[in-house]
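Please study the sequence and the structure shown below, and then work through the exercises in order. Each exercise consists of a task followed by a worked solution.

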Amino acid sequence: MTGNTAVLHQFFEPGSIGDPDECTDSDAAEERLTAPFVAVPEVGSSRGKSSGAWTNFTPSGSEEASPTAGGTRAVTPPAYLRRPQAGPRAHFIPLEKREGVVLEIGDEEFEARLVDILGEEPDVTATFSFSDLSDDGLRLLKVGAVFYWNVGYSVSPFGQRSRVADLVFRRLPARSSSDVASAIKRAEQIRDELGLDN
Amino acid sequence: MNLDSTISLPSSEDVELHVFGPGYGESLLIHTGQGRWLIVDSCRKAKAAAPAAIEWLEHIGVDPSQAVTHIIATHWHDDHIRGLGETLKRCTNATFVCSNALLSKELLALTEDAAQPLMGHASGVDEIRRVVAELRRRKKDDKARILQLSGEAYISSPVSAKRYKPKERTVSWAYEGKQPTISRGMGHIYARTSAVDSTKNWEIQLFEGALPLANA
């Protein structure tokens, strides 16, 4: 269908509700007759690619659902379903992503080996200050601990760039006994396949 | 890696040892004679690079799929297994040699569990899974050759001239000196010993007895 936000507004002009014959958009009219509510657009649908203005779906623009002649109601989608306003968003441009392993811990800093996750640079050894870590990070700091170190640009919605480095220690989520049993079962299957005794 | 263009192919009688590594997690490449090679562990300059031993073999015009008879994984430390999956994949005729622990149920369960969605894990987990995936693929084609070892083991070469004893961890190698080549985080040294009857005496020495290293 060719419907977009503008067409919907036209369709729901006061006076046209309940009178689909007056609508020139046959697809929209069909949808209105069959859908119990005004649908929230699916991602990728032609309506989903519209300008994103979801306001004033009902004739009066009120938040109340309005009964129509065919039992169809037009409602304003709840806030959590409304399409966000299009516009610039904050985002992160990665320049370097490394996986680190703590090698040695000193009084105020620690040494780590950094492996390039993006696969372009050789390993390096680096020294980090404890002040680079959050309190949680300090609690996780021990020899052999794995962390991720991301360097890049943080870009604000207004396009301002700032170079940032983020150091986050890997945390393992809690595992249930069924998770462990499932992993053991898969391991046994692999050993069976490889002809190894379990 | 700065590949030295002056190094020639070893002759069939030469025993040659290459050591690759950035100072930790070294990989060994050994010419055992008769155009056959074995690889111990794996390392590479960067994630996108080929494993150092494979890169070297191709540099000197050797086809890893034909020439490598054994790939030996000593232990699971991330820096010793980088590129091990690709090494195994490229060396299609090689026997995979590892300790019992590396393919134990417990370790496989650990890698299976760690690879679940939302579970963060170090890159070594993926590498072990690549090795296991390749072994499974070969098993389906009935081409997987796996040799699992228990206890301590050493590779005993014709030039070792001695048999090792338990807890004896120093291995010496008599060779003509060659200065290490080091570039961008990857070092490379090599040694060559000529005129050895390299058709004999290669074996993996276990302390329950010696295991002939077939085809080497």
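The exercises that follow concern a predicted model.

**Exercise 1. The two chains**

Task: Determine how many helices and strands chain A has and how many chain B has, and state what share of each chain counts as buried.

Solution. 
Step 1. Chain A has four helices and five strands. Read from the N terminus, the order of its elements is α-α-β-β-β-α-β-β-α.
Step 2. Chain B contains five helices and eleven strands.
Step 3. Chain A has 198 residues, of which 15% count as buried. For chain B, with 216 residues, the share that counts as buried is 38%.
Step 4. Contacts may also be sorted by separation in sequence. In chain A, 49% of the contacts with a separation of 6 or more are between residues 24 or more positions apart. In chain B, of the contacts between residues at least 6 apart, 65% join residues at least 24 apart.

**Exercise 2. Nonpolar cores**

Task: Identify the residues that touch the most other members of the largest nonpolar core, and the helix that gives the most to this core.

Solution. 
Step 1. The largest nonpolar core comprises 38 residues, and B:I39, B:A53 and B:I71 touch the most other members.
Step 2. The helix that gives the most to this core is α1 of chain B (residues 52–59), with five residues.
Step 3. Within α1(B), the buried residues are B:A52, B:A53, B:I54, B:W56 and B:L57.
Step 4. Consider B:A53 in detail. Leaving aside residues up to four places away in sequence, B:A53 touches B:F20, B:S27, B:L29, B:I39, B:S42 and B:T87.
Step 5. Another core, of ten residues, lies apart from the largest one; among its members are A:A112, A:L114, A:V146 and A:F169.

**Exercise 3. Positive phi values**

Task: Locate B:Q34 and B:D41, give the phi of B:Q34 and of B:D41, and decide whether B:Q34 is buried, partly exposed or exposed and how B:D41 is to be classed.

Solution. 
Step 1. B:Q34 lies in the loop between β2 (27–33) and β3 (36–40) of chain B. Although B:Q34 is not a glycine, its phi is positive, about 60 degrees.
Step 2. A residue is buried if 20 or more other C-beta atoms lie within 10 Å of its own, and exposed if 12 or fewer do. B:Q34 has 14 C-beta neighbours inside 10 Å and therefore counts as partly exposed.
Step 3. B:D41 is placed in the loop between β3 and α1 of chain B. B:D41, also a residue other than glycine, has a positive phi near 60 degrees.
Step 4. B:D41 has 25 other C-beta atoms within 10 Å, so B:D41 is buried.
Step 5. A further positive phi, near 85 degrees, belongs to B:G61, which follows α1(B).

**Exercise 4. Two helices of chain B**

Task: Describe how α4(B) and α5(B) pack, and name the residues that meet.

Solution. 
Step 1. Two packed helices are described by the angle between their axes and the distance between the axes.
Step 2. For α4(B) and α5(B), the angle is about 115 degrees and the axes are 10 Å apart. The two helices are therefore roughly perpendicular to each other.
Step 3. The crossing of α4(B) past α5(B) is left-handed.
Step 4. From α4(B), the residues B:L108, B:T111 and B:A114 meet B:V125, B:I128, B:R129 and B:V132 of α5(B). By class, this contact has five nonpolar residues, one polar and one charged.

**Exercise 5. Where the chains meet**

Task: State how many residues of chain B are in contact with chain A, and describe the packing of α4(A) and α4(B).

Solution. 
Step 1. In chain B, 25 residues are in contact with 28 residues of chain A. On the side of chain B that touches chain A, α4 (105–114) and α5 (123–140) of chain B each supply at least two residues.
Step 2. The residues of this side are 14 nonpolar, three polar and eight charged.
Step 3. Helix α4 of chain A (residues 177–193) packs with α4(B) at an angle of about 120 degrees, with the axes 8 Å apart. These helices are therefore oblique to each other, and their crossing is right-handed.
Step 4. Chain B contributes B:K105, B:L108, B:A109, B:E112 and B:D113 of α4(B) to the contact, and the residues from α4(A) include A:D179, A:V180, A:A183 and A:R186.

Terms used:
Residues numbered from 1 in each chain as written. Chains lettered and ligands numbered in written order. Predicted model: local features only at pLDDT ≥ 70, side-chain atom pairs only at ≥ 80, totals over all residues. Contact = placed C-beta atoms within 7 Å. Nonpolar A, V, L, I, M, F, W, Y, C, P; charged D, E, K, R; others polar. Axes fitted to C-alpha atoms, helices over the stretch in contact; angles between N-to-C directions. Parallel < 35°, antiparallel > 145°, perpendicular 65-115°, else oblique. Left-handed = near helix turned anticlockwise from the far one by under 90°. Core = buried A, V, L, I, M, F, W, Y, C linked by C-beta atoms within 7 Å.
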